[in-house]
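Visitor: Could you take me through one part of this model in close detail? I would like to see what surrounds it and how it is connected.
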Amino acid sequence: LDRTQRNDAFEVVESTEISAQITNFDVESGEFKRDESVDATATIENTGNTEHTFFVGYSAIGPNSESYDNNDDTGQTVTLSPNNSQTVSLNWTVQSDSPTGRYGALISVWKESDRDNLNTRLDRTQRNGAFEVVEPTEISAQITSFDVESGEFKQGESVGATATVE
């Protein structure tokens, strides 16, 4: 029997594992009016074994259980090496069609980096009742009529005037 051995015939490689988790999540609390921004921070850790770019999404969950993400404008990408983490700043703006009431906040980290093609959610964290959307306090007045007494007046005399304010 003739036997030939090659020591470099193949190489064993570790399979690529892409995974991440949310290790911290904070969302601003309080009352917010339309067009105000609700800020949040999320710390994302690459728990896989290869560098990867992840998408971190941020949505507000309204009192009607609807999700609001500023017409797909919230969230951002983060590129991380294995076992590294980074804190990202996110914000959601109260939209004109956002109903008033208590809102939750949802952070998700996705395997895909293209916001328009998200299929694989790796982790998510939600805070219920995180903040409240309120009606704007509007104080306004309008003068609808104004009349001043006419004529000549001497120093020390009063001049009468009337105004109607709505």
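Guide: Strand β4, residues 52-61, is mostly covered, with nine of its 10 residues buried (buried means under 20% relative accessible area, exposed over 50% and partly exposed in between, with a 1.4 Å probe and protein chains only). Strands here are DSSP runs of E with at least two residues, numbered from the N terminus. Please keep in mind that this is a predicted model, where local features need pLDDT of at least 70, side-chain atom pairs count only at pLDDT 80 or more, and totals for chains, interfaces and linings use all residues. Residues are numbered from 1 along each chain as its sequence is written, and side-chain values use heavy atoms, leaving out hydrogens and water.

Now for the partners of β4; two strands pair if DSSP finds at least two bridges between them. With strand β8 (residues 101-110), β4 runs antiparallel and is joined by seven bridges; there, S59 has L106 as its bridge partner. Strand β6 (residues 76-80) is also antiparallel to β4, through five bridges, and H52 stands opposite L80 of β6.

Strand β5 (residues 67-68) pairs with β4 in the antiparallel sense as well, over two bridges. Within that pairing, A60 meets Y68 of β5 as its bridge partner. The hairpin of β4 and β5 has five residues between the strands, and S65 takes a positive phi near 65° in this hairpin.

Methods. Helix = DSSP H or I, 4+ residues; strand = E, 2+ residues; numbered from the N terminus.
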